[in-house]
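Work through the two exercises below. Try each task before you read its solution.

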Amino acid sequence: MKISAAVKKETGHIALGVAALTAVMLAIFWIFGAMDASVLWGALLGSGYAVLNFFLLGITVQKAAGMEKEGKAKSLIQFSYSLRMLALFGVAVLGFVLSCFHWAAVIIPMIFPRVTILMMGFRKPKGKEGKAEDGT
Amino acid sequence: MLEKAIILGCSAIGAGLAMIAGIGPGIGEGYAVGKACEAIGRQPESKGDVTSTMLLGCAVAETTGIYGFIVALLLMFVTPNMFIGKL
């Protein structure tokens, strides 16, 4: 299956945002003197899964958008949501159970995609929305 | 011993209740995608825009479930140790 340009573009934005916010999080850990290898590994696992989760959501949404039957698309996205939550549970449990990962550094990056989207909304020029609504 | 069991039990119940938050995003995402399919069916040329908007919308909707999930994990793994340590 070919990945659409919209999915690639949005995943790129999210990956950049997550990387920047992870750097901020690591800086905060460093300032508080809690920085060690487990924080780095935890941040890598957490931010990596956050981006992967968004990418998988993108692939599912792209597949669902190509479907003709509304009910089938609905089931597909709900099934994907369940599987991604299950994978998130696995990642989080790994972060809590294994001592080589700092649990907070694994959990905090999970909300970074939401923060990135919020920041993207602030950054978007206002004229673009008006144009789209006018259909021009 | 009994206090420890009560703390663990209450944490597990709290975690279960927090996971109720995971039901909403699943239903909401499904509904949004269904409507997006309808929109693409009406205007096939807007597929790219609809996919992009829907993707961000789904990600925002999903965060609510993740918040609930994080609260559940904290209740399961972090809070019991905090309270049991004080006993």
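The exercises cover a cavity and a threonine.

This is a predicted model, where local features need pLDDT of at least 70, side-chain atom pairs count only at pLDDT 80 or more, and totals for chains, interfaces and linings use all residues. Residues are numbered from 1 along each chain as its sequence is written, chains are lettered from A and ligands numbered from 1 in the order written, and side-chain values use heavy atoms, without hydrogens and water.

**Exercise 1.** Describe the largest cavity: its volume and its lining.

Solution.
- Step 1. The structure holds one cavity of 30 Å³ or more. A cavity is a set of points, on a 1 Å grid over the protein atoms alone, where a 1.4 Å probe fits but cannot get out.
- Step 2. The volume of the largest cavity is about 130 Å³, taken as the space filled by probe spheres set on the points.
- Step 3. Its lining has 14 residues, each with an atom within 4 Å of a point. Nearest the centre lie A:N53, A:P113, B:A59, B:E62 and B:I66.
- Step 4. Helix α2(A) gives the largest share of this lining, five residues.
- Step 5. By class, the lining has nine nonpolar, two polar and three charged residues.

**Exercise 2.** Is A:T22 buried or exposed, and which residues does A:T22 touch?

Solution.
- Step 1. Find A:T22 in helix α1 (residues 5–31) of chain A.
- Step 2. A:T22 counts as buried because its relative accessibility is 8%, and buried means under 20% (1.4 Å probe, protein chains only).
- Step 3. A polar atom of the A:T22 side chain lies 2.6 Å from the backbone oxygen of A:V18.
- Step 4. Leaving out residues up to four places away in sequence, A:T22 touches A:A43, A:S47 and A:F112 (heavy atoms within 4.5 Å).

Key. On a 1 Å grid over the protein atoms alone, a cavity is a set of points where a 1.4 Å probe fits but cannot get out, and a pocket is an open set with protein on both sides within 12 Å along at least five of seven lines; lining residues have an atom within 4 Å of a point. Helices (H or I, at least four residues) and strands (E, at least two) are DSSP runs, numbered from the N terminus. Ala, Val, Leu, Ile, Met, Phe, Trp, Tyr, Cys and Pro count as nonpolar, Asp, Glu, Lys and Arg as charged, and the others, Gly among them, as polar. Buried means under 20% relative accessible area, exposed over 50%, partly exposed in between (1.4 Å probe, protein chains only). A polar contact is a pair of N or O atoms within 3.5 Å; within protein, one must be able to donate a hydrogen and the other to accept it, and residues adjacent in sequence count only if both atoms are side-chain atoms.
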